[in-house]
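Here is a short report on one protein model. It moves from a single residue to the sheet, then to the core.

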Amino acid sequence: MDSHVAGFSFCIFIHLVSWYVLMTRTMLKSKIHRATVTGADLNYEGSVTLDAELMSLADILPNERVDIWNVTTGTRLHTYAMKGRAGSGVVCINGAAAHLVSQGDMVIIASWQDMENEQAKNHVPKVVFVDANNRPMDMGRQVEVGGPGDVPKSEQEARDR
């Protein structure tokens, strides 16, 4: 094998190894689950205003990209978070997104994080469950319950279904 081919092959091998080792995945970092929309302001410039306490619990920073999934209508959108008054329960969809969401709709607000493959394998997202007034509830609960197609995590769980 000529030295150029061997060198090229070695470079390809190193590239593939580094890609595998350094590969990142975009994982659900956190979500505010089934919040009630308190307002939809078409005349605002954009974003979603969130109760500062909910943002803190969900580890969402001001100006961080969030996805909003409207459970009521099925629409989905991307925007960024703005901090509202702590303890207010505010979830106000602003700007053009107000065409897709109405006051009283139920939404899920999700944030994302890129992480290395090994970290992603053990990652557990933060899930903030809220009541109808967007007050945090069920604070000790860490794991979501999947739908009927969810794979049981243990044989005992399977027997308990």
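Is N94 buried or exposed? N94 counts as buried because its relative accessibility is 4%. Buried means under 20% relative accessible area, exposed over 50%, and partly exposed in between, with a 1.4 Å probe and protein chains only.

The model is predicted: local features need pLDDT of at least 70, side-chain atom pairs count only at pLDDT 80 or more, and totals for chains, interfaces and linings use all residues. Residues are numbered from 1 along each chain as its sequence is written, and side-chain values use heavy atoms, leaving out hydrogens and water.

**Around N94**

N94 sits in strand β6. Strands (E, at least two residues) and helices (H or I, at least four) are DSSP runs, numbered from the N terminus.

| Partner of the N94 side chain | Distance |
|---|---|
| T49, side chain | 3.0 Å |

Leaving aside residues up to four places away in sequence, N94 touches D41, Y44, G46, S47, V48 and T49. Contact here means heavy atoms within 4.5 Å. S47 is also the bridge partner of N94.

**The sheet**

β3 and β6 run antiparallel and are joined by four bridges. Two strands pair if DSSP finds at least two bridges between them. Nine strands form an open sheet with mixed pairing, in the order β2-β6-β3-β5-β4-β7-β1-β8-β9. Its edge strands, β2 (39-41) and β9 (136-137), each pair on one side only. The protein also has four helices.

**The core**

The largest nonpolar core holds 21 residues. Such a core is a set of buried Ala, Val, Leu, Ile, Met, Phe, Trp, Tyr and Cys residues joined through side-chain atoms within 4.5 Å. Residues with the most contacts inside this core include I32, L50, I60 and V107. Among the elements that each supply at least two core residues are β1 (24-36), α2 (52-57) and β7 (106-116). V107 touches residues including I32, I68, W69 and V91, not counting residues up to four places away in sequence.

**The whole protein**

Of the 161 residues, 35% are buried. Among contacts between residues at least 6 apart in sequence, 79% join residues at least 24 apart.

Definitions and conventions:
A polar contact is a pair of N or O atoms within 3.5 Å; within protein, one must be able to donate a hydrogen and the other to accept it, and residues adjacent in sequence count only if both atoms are side-chain atoms.
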